[in-house]
Amino acid sequence: MKKTPKIILLLLMLIITSLTIMITLMLQPQTMLLGEEYDVRVINNFRDNSSLPLVIWCTSPQGDIGGRALQEGDDFEWTVKIDLWSAEYTCTMKWNTKRKRFEAFKVSRDSNRCGSTKKCSWSVREDGFYFSNDEVYWTKDFSWL
């Protein structure tokens, strides 16, 4: 009977050690980025929508970032500081009858593609959403639909 508490204690220590190793391995890519900052910018690049603004509202794991109505050429930007909870920043875009929710910043996707400048820009256009890390070369990531 005296061996039972020792066995239980050893099993608990083994479980705790295993869980610690698993969590460390899962967070390893993000852990290397802790404290780094990225600038995220969403730009209204519609050609002629002066009467219909692009409405944007963004949230993070910590809560609302805020939003606003963007006229043609206006932008909405914020800085992301990487911590254990800043994995994803989601924005909802509304223009006329179109509505789209997208991940404006996601650590696993954007930590490399935002480049050494750590600049993550989005150009929102009539035909979709374009990404750039230098605001010169843009790549279409997805459409409104």
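This is a predicted model: local features need pLDDT of at least 70, side-chain atom pairs count only at pLDDT 80 or more; totals for chains, interfaces and linings use all residues.
The protein contains two helices and nine strands, which follow one another along the sequence in the pattern α-β-β-β-β-β-β-α-β-β-β. Of its 145 residues, 31% count as buried, and the accessible surface amounts to about 9,300 Å², with 59% of that area belonging to carbon and sulfur atoms. Among the contacts between residues at least 6 apart in sequence, 52% join residues that are at least 24 apart.

Within this arrangement, Lys 100 is located in strand E6, which spans residues 98–106. Lys 100 is buried but forms no salt bridge, the nearest side chain of opposite charge being that of Glu 103, at a distance of 11 Å. A polar atom of the Lys 100 side chain does, however, lie 3.5 Å from the backbone oxygen of Ser 143. When residues up to four places away in sequence are set aside, Lys 100 touches Cys 91, Thr 92 and Met 93, together with Phe 129, Phe 142, Ser 143, Trp 144 and Leu 145.

Two residues other than glycine have positive phi values, and each is placed in a loop. Asn 96, in the loop between strand E5 (88–95) and E6, has a phi near 55 degrees and is partly exposed, with a relative accessible area of 44%. Lys 118, for which phi is about 55 degrees, is found in the loop that lies between helix H2 (107–113) and strand E7 (119–125); Lys 118 is likewise partly exposed, its relative accessible area being 24%.

Note on methods:
Residues are numbered from 1 along each chain as its sequence is written. Side-chain values use heavy atoms; hydrogens and water are left out. Helices (H or I, at least four residues) and strands (E, at least two) are DSSP runs, numbered from the N terminus. Buried means under 20% relative accessible area, exposed over 50%, partly exposed in between (1.4 Å probe, protein chains only). Lys and Arg count as positive and Asp and Glu as negative; His and the chain ends are not counted. A salt bridge is a side-chain nitrogen of Lys or Arg within 4 Å of a carboxyl oxygen of Asp or Glu. A polar contact is a pair of N or O atoms within 3.5 Å; within protein, one must be able to donate a hydrogen and the other to accept it, and residues adjacent in sequence count only if both atoms are side-chain atoms. Contact means heavy atoms within 4.5 Å. Accessible areas come from the Shrake-Rupley method with a 1.4 Å probe; for residues, only the protein chains shown count as cover.
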